[in-house]
Amino acid sequence: MSTRSKSRVHSLGASLGVLALAGALAFSSTALAQNTAIRPPSNGPASVADLAAGLLDAVVNIATSQKVKNDDDAPAPQVPEGSPYQRYFDEFFKGQGNQGGNRQRTVESLGSGFVIDPSGYIVTNNHVIEGADDIEINFANGSKLKAKLVGKDTQTDLALLKVEPKAPLKSVKFGDSSTMRIGDWVMAIGNPFGFGGSVTVGIISGRGRNINAGPYDNFIQTDAAINKGNSGGPLFNMKGEVIGINTAIISPSGGSIGIGFSVPSELASGVVDQLREYGETRRGWLGVRIQPVTDDIADSLGLDSAKGALVAGVIKGGPVDDGSIKAGDVILKFDGKTVSEMRDLPRVVAESTVGKEVDVVVLRDGKEQTVKVKLGRLEDSDQAAASGDAAPDGSQDDGVITPDPGENNDMDQPDSGDQVQPEPGTPDQHKGQVAPDAATPKNVLGLSLSLLSPETRKAFGIAESVDGVVVTEVTPGSASAEKGLKPGDVIVEVAQEFMKSPDAVAAKVQALKQEGRRNAQLMIASANGDLRFVAVPME
């Protein structure tokens, strides 16, 4: 090879060497960049181990047992004396008696709870211990104590137990759930499926949830895993304070799907205090029947939005039977608390002290007024119910009577049970038509109206205590028909003004139209005197 050729090879080799070095450096840089980009974090989310360690000893497992009759009423099998199988039957049916109706079996269940006082007071759900013949508390250190029931509240599903420890117990305190926000971290500790001391973490997913569990629903929703056995256990904030009591889950399988519900401490703490002091709850009572304020009703009243609770009736002998609150009022505030929707009112009334004088802001005749009310006690309402003042749906007054769940949500549709059929043999037997000699009906809002007379009262079975203008016919497909009005209903008021005649109804409706109102608010009485409000479009 010539000197020139060797020189070329050397130069090429040198060039290749330089390229190789450059490529290696480039590869190294790329690899370094990739390694830097995908390097996993050296630390996970902040640990809750220290927080949990200080709380586990205050959370307990609750084991209950209950003796129940065997569902099978058939007698125990009889085998011939001396049969080789006799001893097997004797062992199987031991202690169950000879007759099926007398046989008993023991049902056991598990739940959770937490100690709120070192002296041995324990909070749990009522459904955890309901009907139990024996309640045993299992503590984190393995010790066990029998518990007695101090008191329970079925309305909020809470119960208070008491054990007698030899030494002070580790306890936890209630925090303020009203300060918790959606997205705040929370921690649940309990006994899911019998696995005691289980800790799960999540966030608050929602507030003020109504799951139709009771009249005071105001649940905290969380995605912290809650399963069977967690019931009655605490939901903690990151300060180690109890801000909820785990009560229910939504699940098609029985396991957690991330939708759990807890009774907020702002409700639970007051209930627990009363159970501890009295062994029962003592709730305030307002003595009114309420219904929701729909968009149509809000428009008919001149409200800028649907808010508050509309008073549909006042219980005779109740705290506000003195006229301080009237049917047709819209309660906007109670004791300084805003009533955003109907279901807010029963809760704030129930949480109030019996005998307390409170300010109630109502909308009456288009103007806000403040009235002072002295609350009664909820249990006293039983007397009112016994005297015939119970709600039309048959339920007793629970502070503020709310519509039956089966009723239409906006209360425009009446309960079918309110319909009173005419007596057989009367002229209206076929279609609720009144006798020909009754006052000539007047048509307003798709309604044929007539004066109340002995004939119309008899035709529709209308009580003597009911006054107003009777509906004799309803035009099919009209707005009134869509709102559930029917022959036999009595229009007592239009826009909070008493109606004496069909002409008065027509004149008031015309006046409302001239004022620019789109809906007319009617106070409707059923034949037996039960009241409801209906907003009928006038267009």
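Good morning. In this predicted model, strand β4, residues 134-138, pairs with strand β5, residues 144-146, in the antiparallel sense over three bridges. Within that pairing, I137 has L145 of β5 as its bridge partner. The hairpin of β4 and β5 has five residues between the strands, and there G142 takes a positive phi near 95 degrees. As a reminder, strands of a sheet pair through backbone hydrogen bonds, either parallel or antiparallel.

I turn next to the barrel. Six strands close into it, in the order β8-β9-β10-β13-β12-β11, and the pairing is antiparallel. From one strand to the next, the twist averages 45 degrees. One of the pairings joins strand β11, residues 234-236, to strand β12, residues 242-249, through three bridges. Here the partner of F236 in β12 is V242. Helix α5, residues 265-278, packs on the sheet and touches β9, β12 and β13. The direction of α5 makes about 50 degrees with that of β13.

Two loop residues deserve attention. N218 lies in the loop between β9, residues 198-209, and β10, residues 219-222. Is N218 buried or exposed? Its relative accessibility is 16%, and buried means under 20%, so N218 counts as buried. Leaving aside residues up to four places away in sequence, N218 touches G208, R209, P264, E266 and R347.

The other residue, G318, lies in the loop between β16, residues 309-314, and β17, residues 330-334. G318 is also buried, because its relative accessible area of 13% falls under 20%. G318 and W285 are 33 residues apart in sequence, and their C-alpha atoms are 8.2 Å apart in space.

Finally, I come to helix α11, residues 502-514. At 1.5 Å a residue, its 13 residues should span 18 Å, and the end C-alpha atoms are 19 Å apart, which agrees. Which residues of α11 are buried? They are P502, V505, K508, V509 and L512. Seen down the axis of α11, these buried residues fall within an arc of 125 degrees, so they line one face of the helix. In general, an α-helix has 3.6 residues a turn, so residues three or four places apart point the same way. The buried residues of α11 pack against several strands, including β23, residues 442-444, β25, residues 469-474, and β28, residues 519-525. After α11 comes G516, with a positive phi near 90 degrees.

Thank you for your attention.

How values were computed
Residues numbered from 1 in each chain as written. Predicted model: local features only at pLDDT ≥ 70, side-chain atom pairs only at ≥ 80, totals over all residues. Heavy atoms only, no water. Helix = DSSP H or I, 4+ residues; strand = E, 2+ residues; numbered from the N terminus. Buried < 20%, exposed > 50% of the residue type's maximum accessible area, 1.4 Å probe, protein only. Contact = heavy atoms within 4.5 Å. Pairing = 2+ DSSP bridges. Axes fitted to C-alpha atoms, helices over the stretch in contact; angles between N-to-C directions. Expected span 1.5 Å × (residues − 1). Arc of directions from axis to C-beta.
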